[in-house]
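Me: Can you go through this one with me? I'll ask as I go.
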Amino acid sequence: MSMTRRMFVIGGAAIGGGLALGVIGVGTHLALHDRLAVQREGNNKDTLLNLWIRVNEDNTVTVLSPHTEMGQGAGTGLTQIVADELDLNWDQIKLELAPPTTEFSNGGIFEGFVGEMVGKAPPWAEHIARNAFNRLADLLNMQMTGGSGSIRFTGWQVMREAAAAARQMLINSAISKHGASTNTTTDAGFVVDGDNRWSYGELVEHAATLEVPENYTHRAESHRKFIGKAMPRHDLPEKVFNETQYGIDRYVEGMRYAAIAHSGVFGADVANIDNLDEINAMRGVFAVEKMGESVAVIADNPWRAEKAAKALKITAVTHENSNLSSASIEAFQRKSLQGELSDAHTIGDVTSIKSDANKTIEAEFWVPYLAHATMEPMNASAWMQGNKLHVAAGVQNPLYARVHAAKVAGMDVDDVVFHAHSMGGGFGRRVGFSMSDDNPIMWIDEVVTLVKKHKFPIKLTWSREADTRQDVYRPAVLASFSAQLDNNGKPNYWKSASYGSEGGAPASMPPYKVDNVKVQFANQPSPIPVGFWRSVENTQHAFFNESFIDMLAEKAQIDPIEYRLSLLSKDDDHAKCLREVVKLCNWQHGVSADGKAMGVAVQKSFGTMVATVAEVSLQNDKARVHRVWIVTDSGVVVNPDSARAQVEGGMLFGLTAALYGRCDIENGGVKQSNFHDYPIIKMTEAPIVQIKLLQSDNEPGGFGEVGVPTIAPAVANALALLGKRPTRLPINA
Amino acid sequence: MISITLNGREQSFDVEGDMPLLWLIREEAGLRGTKFGCGIAQCGACTVHIDGQAVRSCVYPAIAAQGKQVNTVETLGSKEMPHALQTAWLKHQVPQCGYCQSGMMMAAAALLKNTPNPSNDDIDAAMTNICRCGTYSRVKAAILDAAKEMSS
């Protein structure tokens, strides 16, 4: 999507010297707000995007990225964009994490992401809109990394503008200060007019006094030196040489350590601690604190704290969720699908088709709740220094986390210092919001509450078990599908109903030409906390839609790629990627002599089209994926090496979910606890992957999440040829 | 008191014998390159070398390391004197979030010490660490590259 906001580049002298530029958007929040019919109150500010680059007097340029690092490497891509637009050498560009202050908020970016996801606002988006966008003050408290948006929004639509304007200001400075001609241009960090050369550093003090030009041009593609190249990531040397400090590595003098035990029932407080004296007597234990749904133990070593937390004998209060199970949730969802539904997409009239049982295909699909399982479990540190509260953690939204910590502490935001660390994985787990009313960063609440009471510095680390059992999960979804084939084997109607709240999202709409389509949703509040899980609603809907279209092809006895292409116009992006992946994998429909079969799936998400083919066999009735071929189509690819890493990693993330991922609900809590019963794909099971990145002059698409959605249906479609059509995930349950 | 030779220096620690070595290393010795991931020896983020062998320190009782040589990722190499694996890791741009990578490199270093020219199967068998970002193909390529470099 393109941001339709009106944007202005602003700039001026930077504190400490140099020229600082940023971009502000004006009035554009109105579109989303009006669509959601959200009442705005007290809104009199209009700066939305404050994302800055700084041209320094030492002839370097600093990109102040609002995006925290969780493995995606977006910061490197941002510097590639700025280096090209500003015409720099690679050694002139520096990357810094912007501080968590409103000057560096990017609420407008997140708003763009939500606006993209919600064609028609689903309840959870309205919830976010109410809570996050109701007033601009809240929008200014966003500093979001997510929605595969760093490059395509922050980089391409914002920093690229600021960089292009900065280059023009430096040229204008040479003209007005040194009388340079109007033919003046730039050359790798210098403004050049014939034989005259001025370094950016020389000009920057004067340039900072000039007006920001309204007219500037973007560098031509032929001038690009970094965009489209596999530039090495800025953050990897420190990761390889152990210099990266994750949140869990934070240490301050006098620090003590907290661990928690949860009541075990979502929403239920801890009623009693039956063995408090025993716990207090354990070596190293300082305190035991009952905190709503959890009990925290503070000790002098994280293992002693965890050992004591695991020894706690606690009971939960009786709660409406106490008897909740996967079966009861599924039964409720099935009943809901038979009740009142809301229409998300309608084409033609599905009731106009005369029913013919012989030509009707029906299917019911189920996907389970999934935990994010970042490698670094949730943790946060906090301490008081003078009258300031310091909080340190790896989060996808540091400014929001800072404001949240201040609310929990009952302190002014100005008195809270937030230290944003690199994250050992994010995948949507470390954002501030959920799709339900649940707070996913309660570990910050917990540590802040403990430090407010005890005053000494505390690091709270969740065990893997706590992390698995207190997530905001990828929603479990039941869906029912039906279609009928005409005499040519083409669907004359397509009907689906899914449990969920993402109604307007494009993900649920089949891309295929069918005259009569109805896509519906049933929604009730989720009893289980649900949140943003890498690729969000695309993960379930790609599995449903791309499995179902394959079932129709199977019924029509037509090659599944040929079938899809017959339902797509020739110039459609889906068709383009499908044709490419056919060539890449040397597509064979059927079972090979050694018992392998190929399956295909295609899905557009986050601005990027992805077609995936998986080659699968059955070994002892379990799916084994041997090779995977992926074609993406995403406009300008800023860093192809990072893009490949994200696509392959996303595919493996999706493959773990397809083969193994399940969080079962028992007695109101999650049954699974650690990697032995919530397994992650390991090297020996990782398929050989071939990726082809199609590129064009179009705006860049995202990469962080787009590899995830298509692998589950591709594997399922291959298994169908081997006599096992999975309609419930995980496949190797 | 438990005495171990940690990164070449003999040290004594006043900890319980059943404290996992991981927590002695991270908190008592303050070496935080070794990571906590699961606590049940499933993920390998906590991999260290004990007498040259790769060990998952999150389930290894401190008392069992008494009198042994324990080496952590901090001894693998430095920017000035990189281990061949670290050079290969950068060449192949292996890490994403990076959190599992110190354990990955320690597992790989032990593998190359025992098996200087590993086959694909050798690597699969030795490298059972979990990477949630999915860097496996690059890990494998980097190990093969480092093996070539070290044997030349």
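Me: How many residues of chain A are in contact with chain B?
Reply: This is a predicted model. In it, 42 residues of chain A are in contact with 43 residues of chain B.

Me: Which helices of chain A each supply at least two residues of the side that touches chain B?
Reply: α8 (236–240), α10 (302–311) and α18 (640–659) of chain A. The largest share comes from α18(A), with six residues.

Me: And by class, what does the side of chain A that touches chain B have?
Reply: That side has 21 nonpolar residues, along with 12 polar and nine charged.

Me: Switching to domains. What does the assignment give for chain A?
Reply: Domain 1 covers 6–232, domain 2 is made of 247–318 + 373–469, and domain 3 covers 559–733.

Me: What separation is there between the centres of domain 2 and domain 3 of chain A?
Reply: Their centres, taken over C-alpha atoms, are 36 Å apart. Domain 2 of chain A puts nine residues into the contact, and domain 3 of chain A puts in nine residues. On the domain 2 side, these residues are four nonpolar, two polar and three charged.

Me: Now helix α6 of chain A. Where is the kink centred?
Reply: On A:Met159. The kink is about 35°, in a helix that takes in residues 150–178.

Me: Why is α6(A) largely enclosed by the rest of the structure?
Reply: Because 25 of its 29 residues are buried.

Me: What comes just after α6(A)?
Reply: A:Gly179, which has a positive phi of about 70°.

Technical notes
Residues numbered from 1 in each chain as written. Chains lettered and ligands numbered in written order. Predicted model: local features only at pLDDT ≥ 70, side-chain atom pairs only at ≥ 80, totals over all residues. Contact = placed C-beta atoms within 7 Å. Helix = DSSP H or I, 4+ residues; strand = E, 2+ residues; numbered from the N terminus. Nonpolar A, V, L, I, M, F, W, Y, C, P; charged D, E, K, R; others polar. Domains from an automatic or database assignment. Bend = angle between axes of the 7 residues up to and from the residue. Buried ≥ 20, exposed ≤ 12 C-beta atoms within 10 Å, placed from the backbone.
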